[in-house]
Amino acid sequence: MSFLEKIVYAFQSSAWMRVSITLVLIAATAVLLKYTMVDAPEPINFATLENKMEIYLPDSSKVFLNKNSQITYYTDYNKEERKVYLDGEAFFEIKKIPNKIFDVITLRASTTSYGASVSVRSRENEKEELVQVVVGDVSFADKNYREKDKIMIPSGYKGELDQAGHLVKSKIIDSNFIAWKTNHLVFDKTSLAKVVEDLEAYFGVSVEVLDDQLLASSFSGTFEEPTLQEVMEVLSSYSNSTYKITGDKVILFSKRTTPNHSLPN
């Protein structure tokens with residue numbers, strides 16, 4: 001082999017070596033990506049606008065998602081832990097699994113249980129985060145300090161976390177706290193001021209009462225899957241008042257303040 005032929009051969013060998021090394025690197029990269037990217041947990045999202053949604057999680061726990069809410073969990077859910085992320089309001093029927101907690105992470109709070117039925121509410125524009133327990137018990141804490149400060153909430157009680165990080169536990173006295181889920185409104189000698197508050201929350205409307213004496217009165221009634229007009233008809237008859245519905249606003253006023261039962265514009 002001549003000197004020139006040796007140079008050509010060496011060059012070709014070097015080129016093939018570079019190609020071989022490149023191919024090995026590509027193959028190694030592909031394997032690495034397979035075991036890092038394919039196995040990486042991916043988010044699964046459910047969101048509502050003006051609708052509500054019922055969701056079954058991989059462990060058979062059930063979630064009722066209220067309007068304008070979102071829930072997220074990852075594809076590794078229930079492998080080592082059960083964790084969901086909530087923005088809005090939801091009611092959880094958590095399947096009890098020994099030694100495997102269920103954690104609801106919200107904007108500022110963490111709600112933890114092995115099995116319970118609990119309502120969780122967290123909205124960015126609201127000052128407080130709220131947890132209300134129907135069955136079982138949960139641990140409720142500021143998610144940044146949950147090992148340091150947390151409270152246990154049994155059934156029939158609620159927990160609140162304010163923006164300053166204060167945790168408060170108290171008994172549930174509101175019969176309509178999950179009316180959005182049950183589609184059931186119950187009033188038992190309830191002040192009209194509280195009735196108005198519940199109607200605003202349930203129907204997403206604004207209710208204005210023009211007579212302060214009406215606000216001091218009370219109301220009793222039960223409604224199953226009610227419409228706003230149905231409730232207002234019963235309420236106005238019960239309280240001897242008149243109402244007007246315009247879009248998402250309701251005006252309620254005493255008949256004695258409106259000659260000839262005329263309505264305000």
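**Stop one: salt bridges**

Begin by selecting K83 and E81, which form a salt bridge with their closest N and O atoms 3.8 Å apart. The term here means a side-chain nitrogen of Lys or Arg within 4 Å of a carboxyl oxygen of Asp or Glu. Before you go further, note that this is a predicted model, in which local features need pLDDT of at least 70 and side-chain atom pairs count only at pLDDT 80 or more, while totals for chains, interfaces and linings use all residues. Residues are numbered from 1 along each chain as its sequence is written, and side-chain values use heavy atoms, with hydrogens and water left out.

Both partners are partly exposed: K83 has a relative accessible area of 22%, and E81 has 42%. On this scale, buried means under 20% relative accessible area, exposed means over 50%, and partly exposed lies in between (1.4 Å probe, protein chains only). The count of salt bridges comes to eight.

Next, select R121 and E126, whose side chains meet in a salt bridge at 2.5 Å, N to O. R121 is partly exposed at 24%, and E126 is partly exposed at 23%.

Now move to D174 and K194, another salt bridge, at 3.2 Å from N to O. D174 sits in the loop between β12 (167-171) and α2 (179-182) and K194 in helix α3 (residues 192-203), so this pair ties together parts that are 20 residues apart in sequence. Helices (H or I, at least four residues) and strands (E, at least two) are DSSP runs, numbered from the N terminus. D174 is partly exposed at 23% relative accessibility, and K194 is partly exposed at 22%.

**Stop two: helix α3**

K194 has already brought you to α3, so colour the whole helix. It has twelve residues and reaches 16 Å from its first C-alpha to its last, close to the 16 Å expected at 1.5 Å a residue (the expected span is 1.5 Å times one less than the number of residues).

Which residues of α3 are buried? Select L192, V195, V196, D198, L199, Y202 and F203. Look down the axis of α3: these buried residues fall within an arc of 165 degrees, so they line one face of the helix. The arc is that of the directions from the helix axis to the C-beta atoms. An α-helix has 3.6 residues a turn, so residues three or four places apart point the same way.

**Stop three: D59**

Jump to D59, in the loop between β2 (53-56) and β3 (62-65). Is D59 buried or exposed? D59 is buried, with a relative accessible area of 4%.

Show its side chain, and you will find polar contacts with the side chains of S61 at 3.0 Å and R82 at 2.6 Å. A polar contact is a pair of N or O atoms within 3.5 Å; within protein, one must be able to donate a hydrogen and the other to accept it, and residues adjacent in sequence count only if both atoms are side-chain atoms. Not counting residues up to four places away in sequence, D59 touches Y77, N78, R82, K95, I97 and F102, where contact means heavy atoms within 4.5 Å.

**Last stop: I94**

Finish at I94, in the loop between β5 (82-93) and β6 (102-105). I94 is buried, at 10% relative accessible area. Leaving aside neighbours within four places in sequence, I94 has contacts that include S61, R82 and F102.
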